[in-house]
Amino acid sequence: METIQLNSGRKLDSIGLGLWKIENEKTSSVVRTAIQMGYRHFDSACDYGNEIEAGQGIAEAIAGGDVCREDLWITSKLWNTYHRPEHVRAALLKSLKDLQLDYLDLYLIHFPISSRFVPFEERYPPGWFSNPDDANPKVIEDPVPIIETWRAMEQLVDEGLVKEIGVCNFGTSLLRDLMSQATIPPAMLQVEMHPYLTQDKLLRYCKESGIAVTAFSPLGAQSYYQLQMADSSESLLEHDLISSIAQQHNKSPAQILLRWGIQRGTAVVPKSSNEDRLRENLDLFNFNLSQDEMDGINDLNRNRRFNDPGDFCESAFNTFFPIYE
Ligand code: A2P
């Protein structure tokens, strides 16, 4: 297993299991199976709605002697409704309770989007709509300066409740602004990254600034078909170049995409709830892509972002909410 080193010196496995979209009824057994296979890094979030079940899987694995807590790396994310400093700690404590943990390895701000607070007892996870029962539900913005949320995240580190803090879905401008004010600089940026969205400048900026990068949706369009956010013609798994490199290495196209992500120095967190694919996605450390192969894959870039609030907030949540433009 290869690892990524954070600016604190702490290390996490380059491959993690993404828990987004794993059905609740499968989550605990997928997590337990993954741990037995050798996964140690799990990428969770309040918004995924399956932290209770993920926590059951983790607890069973620990109780069953498969692993001890210190060998796991558990990431979770602060949801958009909890950006006000007075809600950050409560949101973290809720994730910890659900995950049956007393600390997180990494806590990330999920989006640079702050929406109206929803009390925990009213709805959890709150989701995107601020007023789901209204005739015309929307995402209602409640702007909070990022640094105010960040100060509350820093306090979680000071209290020992989280080891590392970071952000998701930020660009270089927001990162630069955050770095200029942070007492604890962000350890990690998690963003969508695959050969159709290589984000070379963002990756370079992070490397030069000591911020580690995790790529979500490292297989590209794959997870967006069922959400109707991608077209089958956008498949990277069926791309001729990826297929031919896969054949040369006697690996699957998915393994080539993941290996490319790891060789760029990023962590990758593909989701799978299928045992064969879970195993396949872990089997990445017995081959190397050549520089020519890496460059050829990089050249596939189309700046195609599948997970863009500027699109899906309007189509699915009735609200125009661009963040990258
Ligand atoms: P499945 O769970 O059936 O394996 P994400 O982009 O959120 O990481 O999701 C990855 C998507 O790709 C999921 O739909 C997952 O479905 C699928 N997938 C995961 N691993 C592989 C693989 N090795 N080959 C093909 N599809 C994969």
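Reply: Two strands are said to pair if DSSP finds at least two bridges between them. In this predicted model, an open sheet of 8 strands has the order S3-S4-S5-S6-S7-S8-S9-S10, with parallel pairing.

Me: What makes strands S3 and S10 the edges of the sheet?

Reply: Strand S3 (17–18) and strand S10 (267–268) each have a single partner strand, so one side of each is left without a neighbour in the sheet.

Me: How do you know that S5 and S6 pair, and in which direction do they run?

Reply: Pairing requires at least two bridges, and 4 bridges join strand S5 (residues 73–78) to strand S6 (residues 104–109), therefore the two count as paired, and they run parallel. Within this pair, Thr 75 has Leu 106 in S6 as its bridge partner.

Me: What makes the chain as compact as a globular protein of its length?

Reply: The chain, which has 11 helices and 10 strands, has a radius of gyration of 19 Å, and this is close to the 20 Å that the globule rule gives for 325 residues, so the chain is as compact as a globular protein of that length. Buried residues make up 56% of the 325 residues, and, among contacts between residues at least 6 apart in sequence, 74% join residues at least 24 apart.

Me: Why is Val 67 called buried?

Reply: The cut-off for buried is under 20% relative accessible area, and Val 67, at 8% relative accessibility, therefore counts as buried. Val 67 lies in the loop between helix H2 (51–63) and S5, where, leaving aside residues up to four places away in sequence, Val 67 touches Ile 35, Arg 40, Ala 61, Ile 62 and Leu 72.

Me: Is Asn 303 buried or exposed, and why?

Reply: Exposed means over 50%, and Asn 303 has 59% relative accessibility, so Asn 303 counts as exposed. Asn 303 is placed in the loop between helix H10 (291–298) and helix H11 (309–317).

Me: What makes the backbone at Asn 303, Lys 21 and Pro 125 worth a remark?

Reply: Most residues other than glycine have a negative phi, and most peptide bonds are trans. Asn 303, however, has a positive phi of about 50 degrees, and Lys 21, in the loop between S3 and helix H1 (24–37), has a positive phi of about 80 degrees. The peptide bond from Tyr 124 to Pro 125 is cis, with omega near -10 degrees, and Pro 125 is found in the loop between S6 and helix H4 (146–158).

Terms used
Residues are numbered from 1 along each chain as its sequence is written. This is a predicted model: local features need pLDDT of at least 70, side-chain atom pairs count only at pLDDT 80 or more; totals for chains, interfaces and linings use all residues. Side-chain values use heavy atoms; hydrogens and water are left out. The radius of gyration is taken over C-alpha atoms; the globule rule is 2.2 Å times the number of residues to the power 0.38. Buried means under 20% relative accessible area, exposed over 50%, partly exposed in between (1.4 Å probe, protein chains only). Contact means heavy atoms within 4.5 Å.
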